[in-house]
Amino acid sequence: MHLDLRSLAVMAGLIGAVMGFVLLGLRRSFPAGIHGMRAWGAAPLLCAASTLFYGLDGRLPALAIVLGGNALLLAGVACFYFGSQHFYGLRSTWRTWLAVGLAVLAGLAIFLVAHPDYRIRVALFTGTLAAVVLAHVRLLWRKGQGFAPRFTMTVLAIQAAVLLVRAVTTFWLDAPDTSRFAPSSAQTAYIAAFNFSVLLVCIGVLLMASERMRAEFEYLATHDGLTGTLTRRAALEACAVEWERWKRYGTPFSVLLLDVDHFKRINDQWGHQAGDKVLADFSSRTASNLRKPDRLGRYGGEEFLVLLPESSHAPALATAERLRHAAEQAPHTPLQPGCTVSVGVATAHAADSGVDALLARADAALYQAKHEGRNRVAASALA
């Protein structure tokens, strides 16, 4: 028993069109930093448009069906790939694939008009589609992380396998004069599998965009918008984790409290925009002088917290002095003043009742540094 291939293609095209409109509609709901949604939305619409040409087979000139339908289908599959390139911030390779597509369409025209052979047309076109899909698989393999890219990559790999099998088996299953909708188990399986995979790819790219949006929201929830450092809450949570680790395993750790000296004076004399630039520059300089495991957070206003895992008192003092020196070296320009910083250092001690007590000692040391003249490092009495 065979399905009506023309109806199957049209139904798959309608479903693809719906998914395309969904992707394009959701594009406005996603953050501007998520790229590729426009190309992803256009891809199933182009694939759906190709089914209109295929559905008119026998009613329009054969050359129009072959060139129009195949061009739209190839463009649709390529747009999925181009959307992923934009999604990962890569330069689109559409010019290269446009040249390939035009060459393939020329070949299809030759083997339709000059040397008619349905088998060569199928092998040429499905092989080209497989090449685009495999390039997409390679991109997701290199760049994708998480469930959604892996899911999409798996669907695309299966789609490529279906295309390659169809390209190879056409020489055994078809005749030179076979028509596109001639009923056969091979053609039914090919059209059904390919169109179903397009639907799954739409779901996959939608999941990729959703995962990226969730990651961006999680980042915004834990990072300060101006400086890119951890928020106060996120920094304190990191301190709490390190405290529990110290209590269980005895691994030392230290905290630094840094306060930009005379920051109110900077705001008053230079304006708040200049003050924001000072804070952003200071946080960037500070982060560049920390180790990978260290954590930098904005504690409040012009005050910052640095968590130093596995750092005892002496290394913590050395780090504090390095950060103080880095801040001092910031250039003073007509558009942005330089700044200095005072630092208070405290290392976890058995006398501490918790993170709050540790931070209170670091705060007292910071007050001492400011009282002694600022632009200096002071350590807690308990080290």
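Tutor: Let's start with what covers the buried residues of α12: the list includes α8 (232-249), β1 (253-260), β2 (295-300), β3 (303-309), β4 (341-347) and β5 (377-379). Contact here means heavy atoms within 4.5 Å. Keep in mind that this is a predicted model, where local features need pLDDT of at least 70, side-chain atom pairs count only at pLDDT 80 or more, and totals for chains, interfaces and linings use all residues. Residues are numbered from 1 along each chain as its sequence is written, and side-chain values use heavy atoms, with hydrogens and water left out.

Student: Which residues of α12 are called buried?

Tutor: Buried means under 20% relative accessible area and exposed over 50%, with partly exposed in between (1.4 Å probe, protein chains only). In α12, Val355, Leu358, Leu359, Arg361, Ala362, Ala365, Leu366 and Ala369 are buried.

Student: What puts them on the same side of α12?

Tutor: They cover an arc of only 155° around the axis, so they share one side of α12. That arc is taken from the directions from the helix axis to the C-beta atoms. An α-helix has 3.6 residues a turn, so residues three or four places apart point the same way. On the other side of α12, Asp356, Tyr367 and His371 are exposed.

Student: How do you know the reach of α12 is close to what is expected?

Tutor: The expected span is 1.5 Å times one less than the number of residues. Helix α12 (residues 355-371) has 17 residues and reaches 24 Å from first C-alpha to last, close to the 24 Å expected. Just after α12, Gly373 takes a positive phi of about 125°.

Student: What makes a space a cavity or a pocket?

Tutor: On a 1 Å grid over the protein atoms alone, a cavity is a set of points where a 1.4 Å probe fits but cannot get out, while a pocket is an open set with protein on both sides within 12 Å along at least five of seven lines; lining residues have an atom within 4 Å of a point. The structure holds one cavity of 30 Å³ or more, and about 50 Å³ of space lies in the largest cavity. Its lining takes two or more residues from each of α3 (62-87), α5 (118-143), α6 (147-173) and α7 (185-222). α5 gives the most, with three residues.

Student: And how much space lies in the second largest pocket?

Tutor: About 320 Å³. Of the 18 residues that line the second largest pocket, the closest to its centre are Ala75, Ala78, Phe82, Trp97 and Leu98.

How values were computed: Points joined across faces, edges and corners; volume = space filled by probe spheres on them. Helix = DSSP H or I, 4+ residues; strand = E, 2+ residues; numbered from the N terminus.
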